[in-house]
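Hi everyone, thanks for coming. Let me put the sequence and the structure up, and then we can walk through a few spots together.

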Amino acid sequence: MHYLTFKKEFSKHFASTSPNYIKLDLRHITFVNEKDFRGHIKDEIINTKSKIISLIELLKDRLDIASYKISIFQDPAKTKASFLDESRTLESYGFTGADYQDALHNSDKTILFFDYYILNNGDPILNCDFYFNDYKFKK
């Protein structure tokens with residue numbers, strides 16, 4: 001009985017002290033201009049106290065990515081300044097949110113970008129997304 005009371009009080013405390021949720025889109029950097037790419041995650045409600053590693057695990061689960069390294073960035077340029085460290089929280093990067101219901105019905109979205117590295121770098125089929133970024137049409 002004491003455990004149940006503690007559990008209720010703990011969840012009540014957690015819910016009242018962290019009503020910071022955001023509506024989040026995660027987009028694959030290579031296909032950032034494709035609106036309906038199936039590798040994007042859209043309209044996910046995330047607590048700002050969540051760590052970046054939890055977003056990486058979400059990507060692995062939803063998209064079945066078998067990669068040893070997934071990186072998340074604030075912009076599609078993939079600069080060192082826009083890289084999000086997996087041990088930090090969204091809140092520590094300045095993302096502020098609202099109550100869960102407000103975030104659910106809010107039209108404002110936070111957009112983050114991800115990229116991953118494949119295990120076998122010598123296979124041209126697995127590296128085919130490289131050509132989407134670097135191929136230039138000659139006229």
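Let me start with a question: with which side chain does the side chain of Asp115 make a polar contact? The partner is the side chain of Lys78, at 2.6 Å. By polar contact I mean a pair of N or O atoms within 3.5 Å; within protein, one must be able to donate a hydrogen and the other to accept it, and residues adjacent in sequence count only if both atoms are side-chain atoms.

A word on the model: it is predicted, so local features need pLDDT of at least 70 and side-chain atom pairs count only at pLDDT 80 or more, while totals for chains, interfaces and linings use all residues. Residues are numbered from 1 along each chain as its sequence is written, and side-chain values use heavy atoms, with hydrogens and water left out.

Now the overall layout. We have four helices and five strands, in the order α-β-β-α-β-β-α-β-α. These are DSSP runs, numbered from the N terminus: helices are H or I with at least four residues, strands are E with at least two. Of the 139 residues, 30% count as buried, meaning under 20% relative accessible area; exposed is over 50%, and partly exposed lies in between (1.4 Å probe, protein chains only).

Back to Asp115, which sits in strand β5. Asp115 counts as buried because its relative accessibility is 8%. Beyond its neighbours within four places in sequence, its contacts (heavy atoms within 4.5 Å) include His28, Ile29, Thr30 and Phe73.

Over to strand β1, residues 21–28, where we find Arg27. At 26% relative accessibility, Arg27 is partly exposed.

Last stop, helix α2, residues 52–63. Its 12 residues should span 16 Å at 1.5 Å a residue, and the end C-alpha atoms are 17 Å apart, which agrees; the expected span is 1.5 Å times one less than the number of residues. Which residues of α2 are buried? They are Ile52, Leu55, Ile56, Leu58 and Leu59. After α2 comes Asp64, with a positive phi near 55°.
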